[in-house]
Amino acid sequence: LVVLPATRWRRRPRQAAEAHETLAASLRLQLSETQRVIVVTSAHRGEGRSSVAEGLARALADGGVPTLLVAADLRRPTLHGRAGVPQAPGLSEVLSALERSSGDDAAEVIRAAVHAPEPDSGGRLRVLPGGADARHPAALLSGSGVGVLFDALARSRYRFVIVEGAPLIGPIDGQLLAHWADAVLVVCRLDRITPGEATELAELLARVDAPALGAVV
């Protein structure tokens, strides 16, 4: 869908911003009104998931679209630092609370853990950080709280929910998140992924029945 120059984009912020705007426009054209949840994943760590998720969410919000950015890599949460919000309360606290509740208060539980980023994007962007370090991320992401969370987000005011997921190759966290996606964006660094890993990535996406929208290279 879009290409980012991996080694130079930090020194060329306008080029990166234009790439993210192109990506945002592509999403708005391809997805229906009922498709909200986009999981940003990759084969491995270090391929740029955090920067792509944040850049996409900001581009959508700057375009006037109410957007929620969710940091769902619970093993190594870093997105809060990029977005300028506290690490906690966040997703781990929300999932733990929803596990214990009936789900009727889901909207309020989520609202209490959502933060305004820096800069604010005119109030159209909000961030749900990863939260306090989770001892058992896979257990949290496979529990009943996840379904309650995404059901509540589907009825929320946000047009798009951009989820920074965990990598697909390795622990099962990324696959658990992809299961809830309306669309999946795969971030790939061509100097890191092998043809065999690309094949494995495609097989994993097919296994979890995740609708792959395209790649950010």
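**Notebook: a buried glutamate and the sheet around it**

I looked up Glu164 first: Glu164 is buried, with a relative accessible area of 1%. Buried here means under 20% relative accessible area, exposed means over 50%, and partly exposed is in between, with a 1.4 Å probe and protein chains only.

Before going on, I noted that this is a predicted model, in which local features need pLDDT of at least 70, side-chain atom pairs count only at pLDDT 80 or more, and totals for chains, interfaces and linings use all residues. Residues are numbered from 1 along each chain as its sequence is written, and side-chain values use heavy atoms, with hydrogens and water left out.

**Entry: Glu164 and strand E4**

I placed Glu164 in strand E4, residues 160-164. Helices (H or I, at least four residues) and strands (E, at least two) are DSSP runs, numbered from the N terminus.

I then asked which way the side chains of E4 point. Phe160, Ile162 and Glu164 point one way, Val161 and Val163 point the other way, and all are buried. With 5 of the 5 residues of E4 buried, the strand is largely enclosed by the rest of the structure.

I listed what Glu164 touches, leaving aside its neighbours within four places in sequence: Val40, Arg49, Ser50, Ala53, Val70, Ala71, Ala72, Asp73 and Leu79. Contact means heavy atoms within 4.5 Å.

Which side chain makes a polar contact with that of Glu164? I found Ser50, and the distance is 2.6 Å. A polar contact is a pair of N or O atoms within 3.5 Å; within protein, one must be able to donate a hydrogen and the other to accept it, and residues adjacent in sequence count only if both atoms are side-chain atoms.

Ser50 lies in helix H2. Apart from neighbours within four places in sequence, Ser50 is in contact with Thr78, Leu79, Arg82 and Glu164.

I looked at H2 as a whole. The helix covers residues 49-62, has 14 residues and reaches 20 Å from its first C-alpha to its last, close to the 20 Å expected at 1.5 Å a residue. The expected span is 1.5 Å times one less than the number of residues. Of the 14 residues of H2, 13 are buried, so the helix is largely enclosed by the rest of the structure. Gly64 follows H2, and its phi is positive, near 90°. Most residues other than glycine have a negative phi.

**Entry: the sheet**

I wrote down the strand order as E3-E2-E4-E1-E5-E6: 6 strands form an open sheet, and the pairing is parallel. Two strands pair if DSSP finds at least two bridges between them. The edge strands are E3 (125-128) and E6 (212-216), each of which pairs on one side only. Neighbouring strands of this sheet are turned by 20° against each other on average, direction ignored. For that angle, axes are lines fitted to C-alpha atoms, for helices over the stretch in contact, and angles run from 0 to 180 degrees between N-to-C directions.

I went through the pairs next.

- E1 (residues 37-42) and E4 pair in the parallel sense over 4 bridges, and the bridge partner of Val40 in E4 is Glu164.
- E2 and E4 run parallel and are joined by 5 bridges; Thr67 stands opposite Phe160 in E4.
- E2 (residues 67-71) is joined to E3 by 4 bridges, again parallel, with Leu68 opposite Arg126 in E3.
- E5 (residues 183-187) is joined to E6 by 4 bridges and runs parallel to it; Leu185 has Gly214 in E6 as its bridge partner.

**Entry: the E5 to E6 crossover**

I noted that E5, helix H9 (residues 195-207) and E6 make a right-handed β-α-β unit. Right-handed means that, with the strands pointing away from the viewer, the path from the first strand over the helix to the second runs clockwise.

Asp209 is found in the loop between H9 and E6. At 66% relative accessibility, Asp209 counts as exposed. I also took the C-alpha separation of Asp209 and Gln175, which is 9.8 Å for residues 34 apart along the chain.

**Entry: cis peptide bonds**

Most peptide bonds are trans. The bond from Ala88 to Pro89 is cis, with omega near 5°, and Pro89 sits in the loop between helix H3 (79-83) and helix H4 (91-100). The bond joining Glu118 and Pro119 is also cis, with omega about -15°. I placed Pro119 in the loop between helix H5 (106-113) and E3.
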